[in-house]
Amino acid sequence: MQAEPPENRSSDGSDSSDNDRILDDEDMMQAPDHGRLPLITYNNPNTIIPTPGTGEGVHSPDERSPALPVDRGTCLLHMLEDPQATFGDTALVFDDGDEVVVHRVIINSRPVFQSLPPQLPRVLVGACGDVHLSKEDALAQVHAAYGASLADRPATRAYLHSLLAAPESALADGLLIAADGSEFHVHRCMLAANCDFFRACFAHAQREGRTDAKLPCEDLPSRLVPLLLAAIYTGHDEERRILASEDLNGDMLAVADQLLLPELKEACETVLVQRIDATRAPTLLLAAVTGRARRLHEACMQFIIRNLDEVSRAPDYALLTPPVQAILKQLRSAMNKNPLCPGACLTDPDELLAVLREAYVQQQERLIESQQRQAEEKRRSEMRRQGEHSQSSHLSPYLSFARRDHNRGTRLEDAARRLERQRTQMDDVDRKLEKQREQMDAVMHFLNSQEKALAGMIRGSAELSSQGAGMQRDEDNVN
């Protein structure tokens with residue numbers, strides 16, 4: 001089973017109190033057995049890479065412990081994904097023919113590997129080899145050296161700091177040259193594993209057959225090199241924060257952008273945004289342009305436009321070119337005279353164009369409202385000049401209320417008169433309808449009488465017809 005971290009055991013090897021334990025008894029029973037680590041084979045079927053006990057690949061940290069350490073430390077397992085690209089220089093060869101390509105400077109943190117000769121490309125691991133360990137134990141040592149588990153990562157981070165403290169005596173194989181010519185010994189595997197820019201530089205030098213591995217960094221101040229190396233080596237947020245806090249004028253921001261370090265660039269940008277003042281604003285604006293930092297650029301532009309008078313008196317304001325100064329003045333003028341959004345801080349000419357391209361209908365409506373207000377003010381001014389308002393100026397609000405009430409009353413009276421006219425019209429319509437109803441009743445009465453007369457005439461005609469037929473029959477009988 002996995003051993004507990006040293007801090008959770010007492011000096012005699014017994015377990016510490018339950019409050020100090022990271023894993024309880026049940027979790028310890030479920031902990032993976034790192035004596036038999038799973039193996040992952042990459043391009044070479046005989047090349048294997050140890051992984052954590054979860055068997056989920058080299059990036060799977062052991063995070064089933066309920067209490068995480070305060071210091072997350074550093075994990076270097078990604079260096080084993082492609083040892084050739086990260087300048088792996090030592091192959092651990094096992095008795096069964098399998099081998100693991102590792103980095104000598106990393107495994108040198110484990111005492112079992114420190115006694116090996118410096119320039120030994122292949123190390124035999126086994127009972128009769130250079131390292132007298134079993135295959136499982138050797139893989140566990142490599143596993144711990146690269147900080148695979150959370151318990152091992154603080155020690156890995158501390159070891160990387162020790163490499164930076166004395167790089168000449170710690171298998172350094174590269175040289176970094178600062179802006180003032182200062183030289184700093186570095187480890188190619190660490191820079192290549194954590195920085196794409198350095199990986200490309202070292203790979204190019206290797207293809208050309210150069211072995212000096214010198215990297216000139218003309219834009220990097222020498223005072224920031226140790227902090228930059230610590231941030232790249234450990235990949236830790238604390239080192240990035242310390243480095244960003246020392247970047248007073250944005251020098252590291254441009255370097256982080258050049259070296260393709262987005263996390264460091266973001267940390268520097270966050271710190272620099274908080275340091276904007278009238279003295280530093282021009283310098284930080286230039287640094288934002290050089291480092292392609294959009295958030296810092298917008299913050300500097302807003303500060304300069306709102307405080308242009310104060311910033312223009314700063315000595316560094318002369319660093320800005322005349323066209324840039326002219327744009328700042330135009331944006332300041334547009335901010336003060338913007339009729340659509342008064343006081344809006346425009347940080348870019350495109351924003352000014354966007355404001356000017358606002359909907360034409362909306363601008364026209366605002367123009368009409370402005371003209372109406374001006375006409376009303378002119379009318380009130382004329383009325384005051386003509387003496388129509390004899391009351392004191394402090395009564396003018398009450399008079400305006402009275403005028404509004406009077407106008408409201410007049411409108412109500414007009415509405416009442418319109419309603420009365422409509423009511424009269426409705427009465428006339430009712431009378432006309434009543435007259436028409438009476439006429440219709442008379443017509444119906446006439447029609448009914450005519451119908452009755454017609455019915456009588458029909459009956460009389462039928463009787464006459466029957467009498468004539470009888471008389472005709474009598475005459476026929478007589479003859």
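Two strands count as paired if DSSP finds at least two bridges between them. I keep that in mind below, and I note at the start that this is a predicted model.

**Entry 1: the sheet around β3**

I began with strand β3, which covers residues 90-93 and is joined to β4 by 4 bridges. These two strands run antiparallel.

Then I looked up the whole sheet. It is open, has 3 strands, and reads β4-β3-β5 in order, with mixed pairing. Why is one side of β4 and of β5 left without a neighbour in the sheet? Both stand at the edges, β4 at 99-102 and β5 at 122-124, and each has a single partner strand, so one side stays without a neighbour. From one strand to the next, I found a twist that averages 25°.

**Entry 2: the sheet around β6**

How does β6 pair with β8, and over how many bridges? The two pair in the parallel sense, over 3 bridges. Here I followed L175, whose bridge partner in β8 is K214.

This open sheet is made of 3 strands in the order β7-β6-β8, and its pairing is mixed. Its edge strands are β7, at 183-186, and β8, at 214-216, each pairing on one side only. The twist here averages 25° from one strand to the next.

**Entry 3: a helix to go with it**

Last, I checked what lies across β6 and β7, and found helix α8, residues 225-234. The helix runs at about 15° to β7.

Methods. Residues are numbered from 1 along each chain as its sequence is written. This is a predicted model: local features need pLDDT of at least 70, side-chain atom pairs count only at pLDDT 80 or more; totals for chains, interfaces and linings use all residues. Side-chain values use heavy atoms; hydrogens and water are left out. Axes are lines fitted to C-alpha atoms, for helices over the stretch in contact, and angles run from 0 to 180 degrees between N-to-C directions. Contact means heavy atoms within 4.5 Å.
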